[in-house]
Structure formats: structure tokens, C-alpha cells
Amino acid sequence: MPRILIVEDEDIIRSAVRKLLLHAGYDVDDVGSVEEAEQRHEPDQFDLIISDLRLPGAAGTELINRAPNTPVLIMTSYASLRSAVDSMKMGAVEYIAKPFDHDEMLAAVEGILARTMSSASERQGDAAAPSENGDPASIMYGQCEPMQRVFTLIRKVAPTEATVLVQGESGTGKELVARALHLSSPRAANPLISVNCAAIPESLIESELFGHEKGAFTGAVSARTGLIEAADGGSLFLDEIGELPAEAQARLLRVLQEGEIRKVGSTQSRKVNVRMIAATHRNLKAMTRTGGFREDLYYRLNVMQIRIPPLRERQSDILGLTRRFLTSQGNKMGKPNLNLSPEAMRALERHRWPGNVRELENAIERASILCDGDVITPSLLDLDSEGSDEYIPETLVEGNNEQLHTREADNTNDLSLEDYFQHFVLENQDRMSETELAQKLGISRKSLWERRQRLGIPRKK
């Protein structure tokens, strides 16, 4: 049984990770600092150390030097992503950004331990077969036919160098697909760097991805390595690629075409060997028609496409996923006998799940917290109030605007909900009031305003 040491000063996080790993069958110890780890244990005797980056006293990266024979997984907040990449240069085997979901943490742990055991076998001269722990079925759950097709495609694509575009609605598990692709590839021993393009300010995205030279802009007091260069030899996962600004799109195209990067403020290029995995909930092909995304970059990214079905198309998986989440929540909260009433099961199967697997997990977590006994009822799931205006009514799709319907008929099936909303508003806001737009969309004026803000669609004066 692998031994894992958790080094984390926040009690809640340390306890949650400990329970998660214990339930997964690992032998776990935990401490609050590097100094406590050395006082109470011999860090080099563990199979894996999971450490927060920022700790009282010595930083978590100190464990890389103090336990040179043990792989170190660094946990960090997204705001400290740059420091996490720097820690990998110091020798950390991987980083994971907080907040993380349970499947992501378990997949990272399994992958690291599998690579460690594989390396040990090679050193002993064993002709061991590659580990199966990177198999998508061990990282994601899916018994239905659509998910089995996804798993089959991942297994076929992963061993190649092909660029992959992962498409799916928010909450379907796009990052887990990227992790499965990486861990099943020949690059599994090298880093997987994950970047959410929507979470980085537009003014910083180029510097974060490509790096910068000292003095390249105000505040650039020293040269920094970009995330693409940090992924050299491994894989780069660009989530929400559709949010990438135009200038960064042009630079990324050069990486895909020439295999080289140039730091902001530099005249010199550097070769990189990176396998690119991109993901989006938006329809990039439709965005190329409106100028929102470069067509040449789209075709470079879309060498292989993996579409993750939304949860409403995975009806037979809903209760299976629910059982996994119930077990996880029950173990975390000391409620091992949690179960659903028959009415709650029916409510789960009837719900349309606009938030997909993430929404289901959140619903189970909320119900587990509120449940006084062992049986979760529909009222605890609180599904009726969610997603009530997330779907465009048929009257809008059919429409009474014949001109709009005719011109967009071929495109409608290609558009995501947000793309369709954006197209409809832009096409009609010059001749419709906000009240009329909201009525046609079947939502309130407040929801219309909120979506304008989220999607960056200014209101016409």
C-alpha cells in the first residue's frame, strides 16, 4: 500500500485530502509544516509527498531537496500558478491548483505513483508493460455508450502527437479528458501544464503563456519563463481557448506551425516540444465566421476532436455518478450510509443538468450537508430552482423572424447556447427593446442584463 505524506497548514484542506486518500486505499500521514514533517517522520520514506506551496516556515518546495528520493506534488492557488511552474523547475513532479475536485486529485496521485513504479521497474531491468492507470476509465466515470466512445477515442489518440480539441459544455469534465490523454501518452513522465485562458486578464495572457524579458513592460522587473516553455517535453492544456485574445491567437499559431516561442520583449525564438490539448464550451467554427476566432488556428487545433456529451445525454450514468459522489461525501462527513429516496432518484433522472457533472456533484454535496439522517429527499437536492431559464424555448428556435431563421438555419445546430444567445441579441438589438429581447429569449430582463455582462455584449444606446 503506497504511503503518502500531506503537508498543509490549513486544517480543513488537510483533513479533506487525508479522507479522500484514505478512502482510495492509501496509507496517509499529515503534518502542518516542513519542520513538523522532519520532526515526526522521515519524508524520504514515503512514496509521495503532497505539499502546499506556501507554508509557515520553510516553503513546500524545500521538501524537494530534503526528500530527494520521493516525488513531490505541489498544491497552490491559481493566483500562485507562476510559482507552481517555478517549483516544477526545481524538481516537483506536478502541481495541482486549488480548488481542485476529488477526481482531479486522485488522477494526479495515481499517475505519479504509476510513473514512479514504472521507473523503478525499468531500473531493475524489468520489461514491464506500460501502466494502465492513465486509462480514461480509471480517471472518469462513464458506463453509457456515448462515454464509452469517448474512452475509445482517447485510447486511440493519446499515443500519438496529434493536437486535440476537447469540446463540451461547462462541467462535463474536459480537464479530466486532458489528463487521461496526457497520462496515456509517451509524455506521461513529463509535466501537464493546465491553463484556464478565461481566468487570466487579457493584459497578462501573452506574458503568462510565452514569458517575458526584463523591462518588456511596466512591472517586468525580471525575465520570466512562460507556461508553454514550462510544458516543454510534456503537454499543455488550454482550457476555454475561445477566450484567447487575437494577438495571443497569432502567437499560439506560430507555436503550432513552427514549434517555437518568442518571449514578450525578445527578438530571439526558442524551440519547444509541446503536445497541445485545447478545450472549449463554445463553438469555435461558428466564431470563425464572426471573426471571434482565427480560422487557421481553429484548423490547427482541430486535428482530432473529442466531444464530451452533456449529462442529459448520459441518462444511464446519472445514478452511477450519484453513488460515487454519495460515497465520497459520506466518507468526508462521517455519514457512510447516505442514500437516496426513490423520489430523489426520479428527480435526478428528470432534471436537465445545465451544469452537468459539476452541478450533480454540487447538488449531492449540498444535500449531504443538509441531510439530518441517512436518506436524501428531493427537497434537499433543490433542483427545481436551478437552470429554469437555461434553455432557449422552441418558440425562439422556430421564431417569427423569418429573415433570421433563413439566414441562420444552417448554423443553428452548430451553435452552443451562449453562441446562439449572442447571435440573437446582436442581430435583433437594433430593432427590439430590452423587454422584447427578453420575452423572445424566454428570460427576465435581469437575466438578459447578466448574460450581456458575462458574454461582454454591450447594450446599444
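A salt bridge here is a side-chain nitrogen of Lys or Arg within 4 Å of a carboxyl oxygen of Asp or Glu. Keep that cut-off at hand for several stops on this tour of a predicted model.

**The whole chain**

The chain has 461 residues, and 52% of them count as buried. Its secondary structure comes to 22 helices and 16 strands. Switch to a surface view: the accessible surface is about 22,000 Å², with 47% of that area belonging to carbon and sulfur atoms. Now consider contacts between residues at least 6 apart in sequence; 68% of these join residues at least 24 apart.

**Arg18 and Asp30**

The chain holds 22 salt bridges by the rule above. Select Arg18 and Asp30 and show their side chains, which meet in a salt bridge at 2.8 Å, N to O. This pair links distant parts of the chain, since Arg18 belongs to helix H1 (residues 11-23) and Asp30 to strand S2 (residues 27-31), 12 residues apart. Arg18 is partly exposed, at 29% relative accessibility. Asp30 has 18% relative accessibility and therefore counts as buried, the cut-off being under 20%.

**Arg3 and Phe46**

Next, show Arg3 and Phe46. Arg3 lies over the face of the Phe46 ring, 4.1 Å from the ring centre.

**Arg251 and Phe210**

Move to Arg251 and Phe210 for another arginine placed over a ring. Arg251 lies over the face of Phe210, and the distance to the ring centre is 5.5 Å.

**Glu260 and Lys271**

Select Glu260 and Lys271. Their side chains meet in a salt bridge of 3.9 Å, N to O.

**Tyr298 and Tyr299**

The count of aromatic pairs comes to 1. To see it, select Tyr298 and Tyr299, whose rings are edge-to-face: the centres are 5.0 Å apart and the planes make an angle of 65°. The angle puts the pair in that class because planes over 60 degrees apart count as edge-to-face. Tyr298 counts as buried, at 7% relative accessibility.

**Glu343 and Arg346**

Now select helix H15 (residues 342-350), where Glu343 and Arg346 sit 3 residues apart, a separation of about one helical turn. The side chains of Glu343 and Arg346 meet in a salt bridge, 3.9 Å from N to O. How exposed are the two residues? Glu343 is partly exposed, with a relative accessible area of 41%, and Arg346 is partly exposed too, with 42%.

**Helix H21**

For the last stop, select helix H21 (residues 434-441) and colour its buried residues: Glu434, Leu437, Ala438 and Leu441.

Definitions and conventions. Residues numbered from 1 in each chain as written. Predicted model: local features only at pLDDT ≥ 70, side-chain atom pairs only at ≥ 80, totals over all residues. Heavy atoms only, no water. Helix = DSSP H or I, 4+ residues; strand = E, 2+ residues; numbered from the N terminus. Buried < 20%, exposed > 50% of the residue type's maximum accessible area, 1.4 Å probe, protein only. Contact = heavy atoms within 4.5 Å. Areas by Shrake-Rupley, 256 points an atom, 1.4 Å probe, with all protein chains shown as cover. Phe/Tyr/Trp six-rings, centres within 6.5 Å; stacked < 30°, edge-to-face > 60°. Lys NZ or Arg CZ within 6 Å of the ring centre and 35° of its normal.
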